[in-house]
Amino acid sequence: MSRLHRHLAVMEFNSPALLDEVMRAGLEREFLVVRLGPQMVAVPRPDLEALEQYLLKKGYFPLRKAGHGSGK
């Protein structure tokens with residue numbers, strides 16, 4: 001059986017090392033994230049904007065790809 005989780009967003013990082021660095025900087029203490037692979041995490045969609053702001057404050061620059069919106 002397959003499930004589609006519309007309430008989750010996937011964030012992909014440029015490299016495994018970058019994701020490791022962000023995780024060590026406290027990402028898991030601030031947000032509910034699940035590491036999906038070496039460069040990807042899943043985060044509840046309602047937290048995505050706050051997570052992007054958190055990353056900006058920490059000096060990281062997240063980009064949204066065209067077509068990735070609210071998921072509706």
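This is a predicted model: local features need pLDDT of at least 70, side-chain atom pairs count only at pLDDT 80 or more; totals for chains, interfaces and linings use all residues.
Select Arg 35 and Asp 20 to see the salt bridge, in which the closest N and O atoms are 2.8 Å apart. With both residues displayed, follow the chain between them: Arg 35 sits in strand β2 (residues 34-35) and Asp 20 in helix α1 (residues 16-30), so that the pair, at 15 residues apart, links distant parts of the chain.

Now select Phe 31 and Tyr 54, which make up the one aromatic pair found in a search of the whole structure. Their ring centres are 5.4 Å apart and their planes meet at 70°, so the arrangement is edge-to-face. Because Phe 31 belongs to the loop between α1 and β2, and Tyr 54 to helix α2 (residues 48-57), the pair ties together parts that are 23 residues apart in sequence. Both Phe 31 and Tyr 54 are buried.

From here, switch to a cartoon view and select the three strands, which form an open sheet in the order β1-β3-β2 with antiparallel pairing. The edge strands, β1 (8-12) and β2, each pair on one side only. Between β1 and strand β3 (residues 40-44) there are five bridges, and if you pick Met 11, you will find its bridge partner in β3 to be Val 41.

Finally, bring α2 back into view: this helix lies across β1 and β3, and runs at about 25° to β1.

Note on methods
Residues are numbered from 1 along each chain as its sequence is written. Side-chain values use heavy atoms; hydrogens and water are left out. A salt bridge is a side-chain nitrogen of Lys or Arg within 4 Å of a carboxyl oxygen of Asp or Glu. Helices (H or I, at least four residues) and strands (E, at least two) are DSSP runs, numbered from the N terminus. Rings of Phe, Tyr and Trp (its six-membered ring) pair if their centres lie within 6.5 Å; planes under 30 degrees apart count as stacked, over 60 as edge-to-face and the rest as tilted. Buried means under 20% relative accessible area, exposed over 50%, partly exposed in between (1.4 Å probe, protein chains only). Two strands pair if DSSP finds at least two bridges between them. Contact means heavy atoms within 4.5 Å. Axes are lines fitted to C-alpha atoms, for helices over the stretch in contact, and angles run from 0 to 180 degrees between N-to-C directions.
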